[in-house]
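Here is a friendly walk through one protein model, meant for someone meeting it for the first time. Please keep the sequence and the 3D view at hand while you read.

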Amino acid sequence: MIQIVEHVPQEGPYAIGAALEAAGLSARVCRTWAGDPVPDTADDMVALVLMGGPMAAYEDFPGRGAELALLRAALEAEIPVLGVCLGAQLLAVAAGGTARPGDGAQIGWGDVRMTEAAHDDPLFGAAPERLRALHWHSDTMDLPAGATLLASCDRYPVQAFRIADSAWGIQCHLEVDGTAVECFADAFPEAAATAPGLLESAPAELAALARHRDAVFERFAAFVAARAERTATRAFFTRRAATWEERFADDGPRYAAAVDRMGLRPGRRVLDLGCGTGRALPALRAWVGDGGVVAGIDLTPAMLTAAVREGRDKEGHLLLADACRLPLPTAAVDAVFSAGLVNHVPDPATALHEWARVTAPGGVLLLFHPSGRAERAARHGRPLDPDDPLAEENLRPALRAAGWELSCYEDAPQHFLARAERVDG
């Protein structure tokens with residue numbers, strides 16, 4: 001779900017919303033101006049969009065603290081973010097920058113220049129060197145260290161920027177259409193009066209802006225859609241990473257017992273896919289010895305940070321990667337351990353094929369969970385799902401199709417374990 005936060009009714013998403021809808025992406029709107037509470041978690045978000053408003057990002061206003069907390073959670077989980085005007089200033093503050101008063105109000109149509117960095121940006125890469133956009137602001141921001149400036153103008157140098165790889169702020173109102181310009185002018189007549197010809201020139205200005213505006217937001221929508229499943233996984237696990245070890249402190253021996261069933265030998269190369277905080281890594285290292293290779297791969301940076309905090313980086317290499325698109329050559333490893341991951345990947349069949357690709361013939365795959373399927377279903381108050389990819393009647397043919405042969409299947413009350421061998425062909 002895409003979360004949109006509005007601060008005043010006149011400053012809606014306009015062209016942003018149109019691009020998201022055209023891409024088939026669903027959104028919900030938090031209307032803070034109507035008293036809606038700002039969400040306190042980013043768990044189910046695949047993108048966060050914060051719109052503008054007359055408030056100052058450097059002063060307190062209802063919901064400011066909650067919005068900054070939500071932005072920081074989104075940044076930590078690498079959820080795509082788009083902030084406009086006030087939303088851009090809040091994004092800068094959340095990332096470690098500052099917002100402050102600018103050099104008086106800048107109202108009306110004006111040029112924006114792309115920087116050299118914009119040429120390679122996922123959103124602004126196709127934008128012209130100059131475009132005219134609607135300016136409606138009197139505040140500005142100082143960007144945090146590491147931010148990338150994408151667009152500028154003489155009076156207000158920060159017009160667009162990117163934080164890391166997935167968060168963008170836009171100071172000018174690139175999102176406006178004809179309705180938006182009229183709404184702005186009606187809501188803020190004194191400001192509009194300082195820009196003679198604002199409404200009269202709007203049709204021509206918007207006609208020149210439209211294709212570039214739409215291209216930027218269509219690219220944002222495509223960026224969100226392409227990463228939606230990965231984003232949802234990161235959003236879910238990021239908030240839980242800090243307490244993961246505490247919640248599952250008793251699982252260590254069960255992980256070690258499962259690793260014992262793999263039949264590893266010294267010198268082997270083994271992956272822990274979806275390693276989380278790396279609870280299986282010590283047992284894997286104990287079996288393959290100092291001459292073996294152990295690597296833990298996870299999609300969530302916060303989980304790997306927790307693994308380092310637990311000292312698990314001493315047992316093996318920790319890699320940030322998608323388990324369904326492994327950065328490894330064919331037949332690179334001898335064994336794969338995976339605890340609970342099959343139920344979290346978007347396409348289990350594709351995952352099993354990818355894990356077979358990187359495993360040498362004769363290699364081993366061990367799928368494990370410290371709870372049985374029935375126990376987990378009961379815990380969540382639901383019956384066993386006949387479509388569960390870990391049900392034996394589903395798992396066995398899926399493994400065979402991917403290049404594995406199931407040799408052991410145990411769905412016990414206290415654990416789930418399936419062992420398979422990599423076969424030729």
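In helix H11 (residues 348-357), the residues Ala351, Leu352, Glu354, Trp355 and Ala356 are buried. Buried here means under 20% relative accessible area, exposed means over 50%, and partly exposed lies in between, with a 1.4 Å probe and protein chains only. Helices (H or I, at least four residues) and strands (E, at least two) are DSSP runs, numbered from the N terminus.

The buried residues of H11 pack against strand E10 (269-273), E13, E14, helix H13 (392-402), strand E15 (404-412) and E16. Contact means heavy atoms within 4.5 Å.

## About the model

This is a predicted model, in which local features need pLDDT of at least 70 and side-chain atom pairs count only at pLDDT 80 or more, while totals for chains, interfaces and linings use all residues. Residues are numbered from 1 along each chain as its sequence is written, and side-chain values use heavy atoms, with hydrogens and water left out.

## The protein as a whole

The secondary structure comes to 13 helices and 16 strands. Along its principal axes, the C-alpha trace spans about 80 × 40 × 35 Å. Of the 425 residues in the protein, 54% are buried. Among contacts with a separation of 6 or more, 72% join residues 24 or more positions apart.

The accessible surface comes to about 18,000 Å², and 53% of it belongs to carbon and sulfur atoms; such areas come from the Shrake-Rupley method with a 1.4 Å probe, and for residues only the protein chains shown count as cover. The protein has 39 positive and 58 negative charges, whose mean positions are 7 Å apart. Lys and Arg count as positive and Asp and Glu as negative, with His and the chain ends not counted. Each charge is placed at NZ of Lys, CZ of Arg, CG of Asp or CD of Glu.

## One side of helix H8

Now look at helix H8 (residues 252-260), where Tyr255, Ala258 and Val259 are buried. These residues lie on the same side of H8 because they cover an arc of only 100 degrees around the axis. The arc is that of the directions from the helix axis to the C-beta atoms.

What do the buried residues of H8 pack against? Their partners are helix H9 (281-288), strand E13 (333-339), strand E14 (359-369) and strand E16 (415-422).

## Two nonpolar cores

A nonpolar core is a set of buried Ala, Val, Leu, Ile, Met, Phe, Trp, Tyr and Cys residues joined through side-chain atoms within 4.5 Å. The largest one has 52 residues, and Ile2, Phe124, Leu198, Phe217 and Phe220 touch the most other members. H6 supplies the largest share of this core, 11 residues. A second, separate core of 31 residues includes Ala332, Val345, Trp355 and Trp404.

Leaving out residues up to four places away in sequence, phenylalanine 124 touches Met114, Ala118, Leu150, Ala160, Trp168, Ile170, Leu174 and Val216. Isoleucine 170 is found in strand E9 and is buried, with a relative accessible area of 1%. With the close sequence neighbours again left out, the residues that isoleucine 170 touches include Leu82, Val84, Phe124 and Phe217. Isoleucine 170 and valine 84 are 86 residues apart in sequence, but 4.9 Å apart in space, C-alpha to C-alpha.

Is threonine 231 buried or exposed? Threonine 231 counts as buried because its relative accessible area is 2%. This residue sits in helix H6 (residues 198-241), and beyond its neighbours within four places in sequence, threonine 231 is in contact with Met45, Val46, Glu78, Ile79 and Pro80. Alanine 95, by contrast, is in the loop between helix H3 (86-94) and strand E5 (98-114). At 28% relative accessibility, alanine 95 is partly exposed. Its contacts outside four places in sequence are Leu75, Pro144 and Ile163.

Two further loop residues have a positive phi without being glycine. Tyrosine 14 has a phi near 45 degrees, and lies between strand E1 (2-6) and helix H1 (15-22). With a relative accessible area of 18%, tyrosine 14 is buried. For alanine 164, phi is about 55 degrees. Alanine 164 is in the loop between strand E8 (160-163) and strand E9 (167-170), and is exposed, with a relative accessible area of 52%.
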